[in-house]
Amino acid sequence: MDNIKFGKFIKQLRAENNMTQKQLAEKLFITDKAVSKWERGLSMPDISLLGSLADIFGVTVSELLNGEREHSPDDDDAPDTYNKTEDIFEGSELLDSSDSDNDLNNYIHYGERLSRHNDENNVNVKTYKNTDILKIIAVICIVGAGILLVLQVVYYYLNITNGIEYPYAYEEIILNELLIVLASFGLGALLRKKKQFIIFFIGFFIFMSYFNLASFVSAAKETVIVDYSPSHSNCAIIKRNEENGKIVLFRPEYGIFCKEHDVITDSSTKLQDAQWINSDVCLVTYAADFGTVKGYAATYGDRSTSGISYYSVTNALLGTWNGADSGVDSVSFISDKNGIKIIYNGNEYSYSYSNIKQYGTTAVILSGDYSDEYIIALNEDCVVDNETGLIENGGTVSLCKIGEKSAPVAMICETVKSGDLEQFNIVTPAADEYEVYNGVIYYSYDGENTLTTPTYIRGDKLCDNGVQINKDLTYFTVREDNGARIYYKNGVSDDWKNAFIQLSGYFEIGSMGFIDENNIYMLAFVDFAMTDAFGSIKYTSNAGKSWSDRFYGTGENNYIHFKINSKCLYIDKNTAFLTMPSGNGDKSELYMSTDGGRTFTLLTFSGVGDYDYYNIPSYQDGILTVQNTMGSDADNTSLSKTFVSTDNGKTWAEQ
């Protein structure tokens with residue numbers, strides 16, 4: 001059988017029928033490349049296709065095999081020897097003809113060749129299928145790389161602008177490497193036929209992987225705990241920097257990221273464990289110096305009926321508490337004015353208020369001489385009454401020993417809180433006043449309801465003149481190393497803010513105040529000489545981020561100073577007042593500034609007479625009021641004259 005002759009015959013028949021290679025291929029369900037190979041004599045069709053070919057072109061199988069017609073296509077008298085249904089293997093006329101033996105031999109040889117060719121075609125089909133699968137995988141890899149690229153761009157933007165991080169250790173580096181692998185493989189697979197691209201993507205993979213590895217080596221090593229509450233409603237993410245021991249609490253942000261919530265400690269020797277005391281209180285334990293164990297309570301809930309008031313958990317716990325389970329009789333505690341006493345397996349442990357640290361509004365940690373020893377958390381069934389600040393009857397708490405992985409013990413209060421609750425109140429300050437008890441600051445707006453500041457605002461470090469309590473603005477100024485920190489908030493909200501001011505050595509606060517949350521002033525004395533005080537009026541216009549000295553005092557003979565009882569008042573950004581009382585208390589001068597406290601001018605009122613002791617003005621509803629007394633040299637120090645101004649101190653009139 002002549003392949004070339006066969007191919008030319010197929011091409012001739014296709015042309016006679018005005019048919020393209022592709023059209024013929026579609027009828028036979030093969031590729032047009034296969035038809036092209038037939039016509040070029042490079043291969044022969046499968047045996048199973050001969051009948052279909054003969055049917056399409058209106059010829060016999062024998063004519064196909066011989067590569068020519070047995071009669072002219074225009075000869076209408078020529079018999080039609082091809083029968084679609086005849087079986088060439090079962091004694092048809094084709095095999096009975098005089099040339100049948102020769103045709104059969106040719107056909108047998110052709111079958112052998114076709115069998116080999118069929119095997120080759122099967123390999124080619126598998127290759128095509130494998131190529132298609134590879135393309136699909138490559139496209140999936142590229143799409144995955146694109147998604148990761150968008151994710152990483154979003155992450156880096158949020159990290160720079162908002163301090164957003166990934167929850168798990170080295171997650172950023174792992175995702176970068178996955179992005180590199182997917183991009184290199186996907187693009188390399190699609191462009192594999194061009195060797196220069198293969199070389200490029202191999203180089204790209206090696207370079208980027210090396211760069212990513214360098215980032216991993218240089219990155220700070222971390223220990224990370226990601227722990228969900230039993231109800232999966234809250235998540236605690238704790239990260240420890242292995243180089244400096246800093247431990248930070250993160251909370252989930254935007255679903256897949258997290259953001260720093262609080263610094264647990266700046267130094268530790270080991271991050272030990274995270275244990276959920278209930279669904280919204282997680283105890284974090286870590287080791288500190290000399291083998292001590294410290295605890296931190298990550299809190300997520302609130303127990304007050306209003307949801308906004310800050311309250312003392314210690315005060316809420318007042319009463320006697322025993323195990324809620326009747327089988328637990330070896331654990332109990334008492335909370336009273338002296339602090340908290342715990343009875344645990346027959347041993348008693350007492351903690352004063354200075355050893356009790358509150359976290360959020362749901363937990364306290366009790367500290368021993370060296371380590372933190374217990375945590376008490378208010379459970380979800382607790383309701384803190386807004387008026388008394390006490391847990392209503394029926395609420396339970398959980399007590400857990402720190403550092404031993406002990407299971408929390410549910411406790412219920414045996415003290416019935418009904419009727420007269422005064423016996424349970426620790427401190428009841430007067431309206432707009434405060435009291436300090438065991439280092440805790442208690443204050444009140446109305447003289448009836450008592451609130452407490454967060455435990456980090458320690459009452460034993462208060463600056464006496466740096467306190468103001470009212471429903472519009474409340475602030476407490478606390479001494480710190482090399483300065484003071486001002487804690488303040490608007491109204492009755494629980495959103496405490498703070499600002500630090502650098503001061504050297506020992507200092508006193510002459511007075512301070514807020515024009516608003518951003519504009520704060522402070523009269524700070526840093527040195528004293530007899531009745532003179534040296535310092536300055538310090539001012540910030542950005543909520544304490546930076547401070548500047550506005551004024552250094554005034555005195556005789558260019559001797560710049562304040563008096564130890566000096567006070568100042570700002571009523572707006574420009575108008576300020578300053579008093580300069582004498583050391584013996586017989587008189588006091590009043591100065592006014594109209595340039596924000598940069599310069600001051602002495603004020604005198606007509607008709608003052610012997611009432612020459614000027615007090616700092618008070619300001620309310622646009623009216624300035626100054627009460628003048630006679631000072632310490634008067635026979636009757638209770639006598640006074642009052643002067644008022646309705647134009648911000650430009651003119652004054654005796655009231």
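A residue is called buried when its relative accessible area is under 20%, exposed when over 50%, and partly exposed in between (1.4 Å probe, protein chains only). By this definition Asp280 is buried, at 9% relative accessibility. The structure is a predicted model, in which local features need pLDDT of at least 70 and side-chain atom pairs count only at pLDDT 80 or more, while totals for chains, interfaces and linings use all residues. Residues are numbered from 1 along each chain as its sequence is written, and side-chain values use heavy atoms, with hydrogens and water left out.

Asp280 forms a salt bridge (a side-chain nitrogen of Lys or Arg within 4 Å of a carboxyl oxygen of Asp or Glu) with Arg303, and the closest N and O atoms are 2.7 Å apart. The two residues are 23 residues apart and link distant parts of the chain: Asp280 is in the loop between β6 (270-278) and β7 (281-287), and Arg303 in the loop between β8 (293-299) and α10 (313-316). The names of these elements follow DSSP runs numbered from the N terminus, with helices (H or I) of at least four residues and strands (E) of at least two. Arg303 is also buried, with a relative accessible area of 5%.

In the whole structure, 10 salt bridges are found. One of them joins the side chains of Lys239 and Glu165, with an N to O distance of 2.9 Å. Lys239 belongs to strand β3 (residues 235-241) and Glu165 to strand β1 (residues 164-165), so this pair ties together parts that are 74 residues apart in sequence. Lys239 is buried, with a relative accessible area of 5%, whereas Glu165 is partly exposed at 24%.

A further salt bridge is formed by the side chains of Glu480 and Arg485 (2.9 Å, N to O). Glu480 has a relative accessible area of 30% and is therefore partly exposed. The C-alpha atom of Glu480 is separated by 9.4 Å from that of Leu503, which is 23 residues away along the chain. Leu503 lies in the loop between β24 (497-502) and β25 (508-514) and is buried, with a relative accessible area of 3%. Leaving aside residues up to four places away in sequence, Leu503 touches Asn482, Gly483, Met522, Ala524, Val526 and Lys538, where contact means heavy atoms within 4.5 Å.

In soluble globular proteins, nonpolar side chains tend to be buried together. A nonpolar core is defined here as a set of buried Ala, Val, Leu, Ile, Met, Phe, Trp, Tyr and Cys residues joined through side-chain atoms within 4.5 Å. The largest such core has 30 residues, and those with the most contacts inside it are Ile537, Phe562, Phe577, Leu578, Phe605 and Trp652. Elements giving two or more residues to this core include β26 (520-529), β27 (532-540) and β31 (576-581). The largest share, 4 residues, comes from β31. Another core, of 27 residues, lies apart from it and has Ile247, Trp276, Ile365 and Cys400 among its members.

An open sheet of 9 strands shows antiparallel pairing in the order β12-β11-β10-β9-β17-β16-β15-β14-β13. Two strands are taken to pair if DSSP finds at least two bridges between them. At the edges, β12 (347-351) and β13 (356-359) each pair on one side only. The twist from one strand to the next averages 25°, with axes fitted to C-alpha atoms and angles running from 0 to 180 degrees between N-to-C directions. Strands β10 (residues 331-336) and β11 (residues 339-344) pair in the antiparallel sense over 6 bridges, and Val331 stands opposite Tyr344 in β11.
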